[in-house]
Protein chains: 2
Amino acid sequence: VSRCRVNGRVADTVVALDRGLNYGDGLFETVRLVGGAPRFWPRHLARLTAGCERLGFACPAATLLEAEVQSVADVTPPDGIVKLVVTRGAGGRGYRPPATAEPTRIVTGHGAPAYDPAWTTGGIALRVCSTHLGRNPRLAGIKHLNRLEQVLARAEWTDDDVAEGLMLDASGLAICGTQSNLFLARDGVLATPRLDQCGVAGVMRGFVLECARSLGLGLEVRDVPLSEVEAAPELFVTNAVVGIWPVSAFAGHRLPVGPIAQRLQAALAAAVP
Amino acid sequence: VSRCRVNGRVADTVVALDRGLNYGDGLFETVRLVGGAPRFWPRHLARLTAGCERLGFACPAATLLEAEVQSVADVTPPDGIVKLVVTRGAGGRGYRPPATAEPTRIVTGHGAPAYDPAWTTGGIALRVCSTHLGRNPRLAGIKHLNRLEQVLARAEWTDDDVAEGLMLDASGLAICGTQSNLFLARDGVLATPRLDQCGVAGVMRGFVLECARSLGLGLEVRDVPLSEVEAAPELFVTNAVVGIWPVSAFAGHRLPVGPIAQRLQAALAAAVP
């Protein structure tokens, strides 16, 4: 049973000259399986397509990607994860994108993550990372393969009781977690950082934003200073794999699991099979 | 004749789970061969070692790297290029660096680049890129694999008569070329941008800085606004492969090939076999 396909074939290697390896010249999606089906696949595909457009290469055909993701999902635990990497392809030496490169598709299957299920109900501990996110509007929002900032931030702690680290930009604005997006709630109004300078616009963030609108919650996408995060009565983080994690400990104090996170968790459970 | 080795073996593929591919979690060096020997190898090795330290993993043994670079050099044209990529190694899914990862070494040989040799004597045309460099002191200076900014900047033009593009940070400071470092000369004083927030500290830049000191030139490593570049009487760019390219056209005006670039070119020719 192989859980790895490269350009449609069962394989677990990529050519050394691939631009994904040499420059991080590509994008990825981490898709949660629910009952064996890729959850939020259309949202993942939309973000991937937008990312390819931003980087300036043609996204592989949606039907092709979907078939390959499903074929790996079929041999992966039904609550597992399928990761899809799309790079610009192989291309010699030098930054200039080759006119003729053919994008590389890499699909791998992984078991369900080993997070404590109590984190979903009781909340997580969130810390603040000292590694900042650099600002670059041309790279902001998309899920490209240049992830050293997240790697360095995630390497800042080894305490397994701390689930996530909050990353700031150089001016002290909260942007996102190393692998999640951040939401604050106060008086029925939801706020989340704008991601036009740095950060990744998560698929679960997109779901929560839509969901909040349909629930009639107030919604603000804007600058969020760290001080505001520290003072927020309710915090939660989101990602496509874990869904919605309330934050129960942040910056030395404890927070209650708030009603908005719970309403959104219920909406998530109802939204997808 | 194979010009590709992966972890010492003749191979041209890398495992799909390598963190170099998934996150750009690694470093590289592009080494020019002169008479079949890797030019400035100690400088490349020093930068690579510093990069590994910054990213937090052990650099492979110098003797091992040197032997692998030389073995690929032996089957590469004697004026060609050997590229060395070192990643943190293979490591599942997730940003957290695995405690047990073994770094991956990828060494590839390439022919001499096809640049017009007249560029070295007569100078190049340099343009200004609209893609900015994001600031992040933890990633500045080292030659890591997160190179999407350079890829996007290099994709801004296709005119082969323009050799290089100058990249700025968001505040309009000149930082470096897409694949080179920038020097300005005025009244016998050399200036080059500081690289503690963004940019790559090139091996040839290091040579030029040392050389300028031993030639008794004034030397300033500091902020360099674009306006100062536009007004400079002499400009040149440097990289390990091409050496020193005078700039003869920039921002709509022509510049003479200056005496300082020529002195440094002579010093470079004398310095290495």
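**Buried faces and crossing helices**

Student: A:Phe40 first: what does its relative accessibility make it count as, buried or exposed?
Tutor: Buried means under 20% relative accessible area, exposed over 50% and partly exposed in between, with a 1.4 Å probe and protein chains only. A:Phe40 has 11% relative accessibility, so this residue counts as buried.

Student: Before we go on, what pLDDT do local features need here?
Tutor: Residues are numbered from 1 along each chain as its sequence is written, while chains are lettered from A and ligands numbered from 1 in the order in which they are written. Side-chain values use heavy atoms, leaving out hydrogens and water, and since this is a predicted model, totals for chains, interfaces and linings use all residues, side-chain atom pairs count only at pLDDT 80 or more, and local features need pLDDT of at least 70.

Student: Back to A:Phe40: what is its phi near?
Tutor: This residue is found in the loop between strand 5 (37-38) and helix 2 (41-55) of chain A. Helices (H or I, at least four residues) and strands (E, at least two) are DSSP runs, numbered from the N terminus. Most residues other than glycine have a negative phi. A:Phe40 isn't a glycine, yet its phi is positive, near 55°.

Student: And what does B:Asn7 count as in terms of accessibility?
Tutor: B:Asn7 sits in the loop between strand 1 (4-6) and strand 2 (9-10) of chain B. Its phi is also a positive value in a residue other than glycine, near 50°. With 36% relative accessibility, B:Asn7 counts as partly exposed.

Student: How far apart are the end C-alpha atoms of helix 2 of chain B?
Tutor: The expected span of a helix is 1.5 Å times one less than its number of residues. For the 15 residues of this helix (residues 41-55) that should come to 21 Å, and the end C-alpha atoms agree, being apart by 21 Å.

Student: What arc do the buried residues of helix 2 of chain B cover?
Tutor: The buried ones are B:Trp41, B:His44, B:Leu45, B:Arg47, B:Leu48, B:Gly51, B:Cys52 and B:Leu55. They are on the same side of helix 2 of chain B, because the arc they cover around the axis is only 165°. That arc is the one of the directions from the helix axis to the C-beta atoms. On the face turned away sit the exposed B:Pro42 and B:Glu53, while the buried residues cover an arc of 165°.

Student: How are helix 2 of chain B and helix 3 of chain B oriented to each other?
Tutor: Axes are lines fitted to C-alpha atoms, for helices over the stretch in contact, and angles run from 0 to 180 degrees between N-to-C directions. These two axes come within 12 Å and cross at roughly 130°. Under 35 degrees counts as roughly parallel, over 145 as roughly antiparallel, 65 to 115 as roughly perpendicular and the rest as oblique. Helix 2 and helix 3 of chain B are therefore oblique.

Student: Which residues of helix 3 of chain B meet helix 2 of chain B?
Tutor: Helix 2 of chain B brings B:Trp41, B:Leu45 and B:Leu48 to the meeting. On the side of helix 3 of chain B, the residues are B:Ala62, B:Leu65, B:Glu66 and B:Val69.

Student: Over in chain A, how are helix 6 and helix 8 oriented to each other?
Tutor: Helix 6 (residues 203-214) and helix 8 (residues 259-271) of chain A pack with their axes 11 Å apart, at an angle of about 105°. A:Met204, A:Phe207, A:Val208, A:Cys211 and A:Ala212 of helix 6 meet A:Leu264, A:Ala267, A:Leu268 and A:Ala271 of helix 8. By their angle, helix 6 and helix 8 of chain A are therefore roughly perpendicular.

Student: Last one: how far apart in space are B:Pro193 and B:Asn181?
Tutor: B:Pro193 is in strand 12 (residues 189-193) of chain B, and it's buried, with a relative accessible area of 2%. Leaving aside neighbours within four places in sequence, its contacts include B:Leu182 and B:Arg205. B:Asn181 is 12 residues apart from B:Pro193 in sequence, and C-alpha to C-alpha the distance in space is 8.4 Å.

Technical notes:
Contact = heavy atoms within 4.5 Å.
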